[in-house]
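User: Could you take a close look at one helix for me and tell me which of its residues are buried, what covers them, and how that part sits within the chain as a whole?

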Amino acid sequence: PAAMGNTLATDTIPVLVTMVDVHNPKSQDQFYFCNVSSGGASTKVIGRSQTLSVEVGITTILSMTVYECPEPVFTPETARCLGVLRVPIERLAERYSSGIFQQWFNLDTRTDPRMPAGDPQQLVSKFEQAYTDAVADVYQPKICLSVIGTAFEVQRGGRQTCAIFVGEDVKTQAGPDLKALIASHKQQAAYIDALHEELRRLNMPSYRPVVNPGGAPMQGAPMGAPQPPMMASGGGYAQTGPSMAGPPRGVASNIAPM
């Protein structure tokens with residue numbers, strides 16, 4: 001893949017933008033779509049796992065507006081805006097020159113996506129914060145995306161601002177390099193840890209005191225401590241109930257399959 005850090009101010013290159021997934025704990029089996037804009041009049045809407053080629057320069061701000069829809073086809077009349085992520089290409093070139101591969105960013109659910117991007121420094125700060133908070137706040141709606149620079153030509157006669165969808169052959173040729181892959185794996189591991197800790201917090205183990213035949217808790221051991229097995233009348237060991245609560249009940253997927 002082409003390194004975005006080599007892009008000059010007057011140059012433009014196509015980048016491959018993939019909306020990998022969306023997490024929103026409050027959704028009810030919704031379908032998700034992302035409207036991708038590079039600041040011009042041309043925009044394109046992509047669904048989960050779809051890839052789009054977008055022409056960008058070093059000063060481009062990619063705006064990704066995520067919508068929830070009750071049906072598997074994007075319909076503006078029924079779509080609800082979930083949030084927006086603005087990606088400054090210059091910052092991407094400076095810090096993530098090898099691109100972003102399947103990494104999570106919290107969505108800005110308060111800003112109107114129709115508003116101008118605003119101050120560049122504030123934009124960079126919000127972009128970095130969206131990346132950091134994706135692991136810290138598991139309840140905030142978030143998008144998993146890939147943005148990879150590539151040198152391929154989208155069309156023989158030239159390139160478009162937001163070109164046609166990209167096929168699997170091009171995606172395979174423009175795969176991530178090792179640096180982007182390692183960064184992705186590190187964040188995915190941290191995100192899984194954060195989700196696990198939150199599940200642990202919500203499902204605290206419950207302990208029951210062992211009750212003796214007289215009906216009072218047994219003395220000599222703290223409540224919840226393991227007790228020696230009791231002898232059954234036939235000489236074997238009696239089966240005692242588990243001291244910990246069972247696993248949490250299954251939770252329906254928050255994203256409907258495409």
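Analyst: Happy to! In α4, the buried residues are A180, S184, Q187, Y191, A194 and E198, where buried means under 20% relative accessible area, exposed over 50% and partly exposed in between, with a 1.4 Å probe and protein chains only. An α-helix has 3.6 residues a turn, so residues three or four places apart point the same way. The cover over the buried residues of α4 includes β1 (12-23), β7 (100-106), α2 (120-136) and β8 (142-149); a contact means heavy atoms within 4.5 Å.

Before going further, a word on the source: this is a predicted model, in which local features need pLDDT of at least 70 and side-chain atom pairs count only at pLDDT 80 or more, while totals for chains, interfaces and linings use all residues. Residues are numbered from 1 along each chain as its sequence is written, and side-chain values use heavy atoms, with hydrogens and water left out.

Helices (H or I, at least four residues) and strands (E, at least two) are DSSP runs, numbered from the N terminus.

Now for the wider setting. The chain has 4 helices and 9 strands, and from the N terminus its elements run β-β-β-β-β-β-α-β-α-β-β-α-α. Of its 258 residues, 38% are buried. Among contacts between residues at least 6 apart in sequence, 78% join residues at least 24 apart. The chain exposes about 15100 Å², with carbon and sulfur atoms supplying 56% of it; these areas come from the Shrake-Rupley method with a 1.4 Å probe, and for residues only the protein chains shown count as cover.

Elsewhere in the chain, strand β5 (residues 61-69) is mostly covered, with 7 of its 9 residues buried. Two strands pair if DSSP finds at least two bridges between them. Strand β5 pairs with β2 (residues 31-37) in the antiparallel sense over 7 bridges, and 8 bridges join β5, again antiparallel, to β6 (residues 80-88). Y67 of β5 is the bridge partner of F33, and Y67 also stands opposite C81 in β6.

C81 is partly exposed, at a relative accessible area of 32%, whereas C144 is buried at 2%. The disulfide count is 0, taking a disulfide as a pair of cysteine sulfur atoms within 2.5 Å.
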